[in-house]
Amino acid sequence: DSWASGLFDRKIDMPPDVDFTPHLNCKKYHKNLPPPSSSHDTSTGTRGNNAVVKFLECEAKHMRDFCDVEMSQHRNCFKSVMGMGTYKGEGNCGLYLRRLRQCVIDKKG
C-alpha cells in the first residue's frame, strides 16, 4: 500500500496524487491509523487522534527537513488542552495537527 493512498483513504487530507511509502520505522503507526473520520483533527486526545499524531510525528522525525516547529506547536497545544482544557482559546489542537500534516506532506512530496 502506498503511504498516500493509506492516508487519503483514512480521510486525513493527504492529496490523492502524492505517492510514496511510509518510513520503515513508521509502518506500525500507519497500520494503526483509524477508519475514516473528519473528527480526528478536533478530537484531541482520543485514540483516533493520537494514532494520526503518532504517525505524522514519526514521519516528521525521519525526514531531512524536520518539522520541529509544527511538532512543538502541536505538543504544546496537546499538553494545554489535556491539562487546562484550552490552548490559545481553542478547545482542541486541530489547527496545529493540520499544520503538522501539511509540513509532512510538503517535505515528503
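1. Buried here means under 20% relative accessible area. Cys103 sits at 5% relative accessibility, so Cys103 counts as buried. Cys67 is at 0% and therefore is buried too. Note that the model is predicted.

2. The structure holds three disulfides. Counting bonded cysteines along the chain, the pattern is 1-2, 3-6, 4-5.

3. Take Cys26 and Cys58. Their sulfur atoms lie 2.1 Å apart, and the two form a disulfide. The torsion about the S-S bond is about -90 degrees, so this disulfide is left-handed. Cys26 lies in the loop between α1 (3-9) and α2 (27-31), while Cys58 belongs to helix α3 (residues 47-61), so the pair ties together parts 32 residues apart in sequence. Cys26 and Cys58 are buried.

4. Next, Cys67 and Cys103. A disulfide joins them, with S to S at 2.0 Å. The link of Cys67 and Cys103 has -95 degrees about the S-S bond and is left-handed. Cys67 is in the loop between α3 and α4 (68-84), and Cys103 is in helix α5 (residues 94-108), so the pair ties together parts that are 36 residues apart in sequence.

5. That leaves Cys77 and Cys93. They form a disulfide with sulfur atoms 2.2 Å apart. The torsion about their S-S bond is about -100 degrees, so the disulfide is left-handed. Helix α4 carries Cys77, and the loop between α4 and α5 carries Cys93, so the pair ties together parts 16 residues apart in sequence. Both Cys77 and Cys93 are buried.

Methods. Residues are numbered from 1 along each chain as its sequence is written. This is a predicted model: local features need pLDDT of at least 70, side-chain atom pairs count only at pLDDT 80 or more; totals for chains, interfaces and linings use all residues. Side-chain values use heavy atoms; hydrogens and water are left out. A disulfide is a pair of cysteine sulfur atoms within 2.5 Å. Helices (H or I, at least four residues) and strands (E, at least two) are DSSP runs, numbered from the N terminus. Buried means under 20% relative accessible area, exposed over 50%, partly exposed in between (1.4 Å probe, protein chains only).
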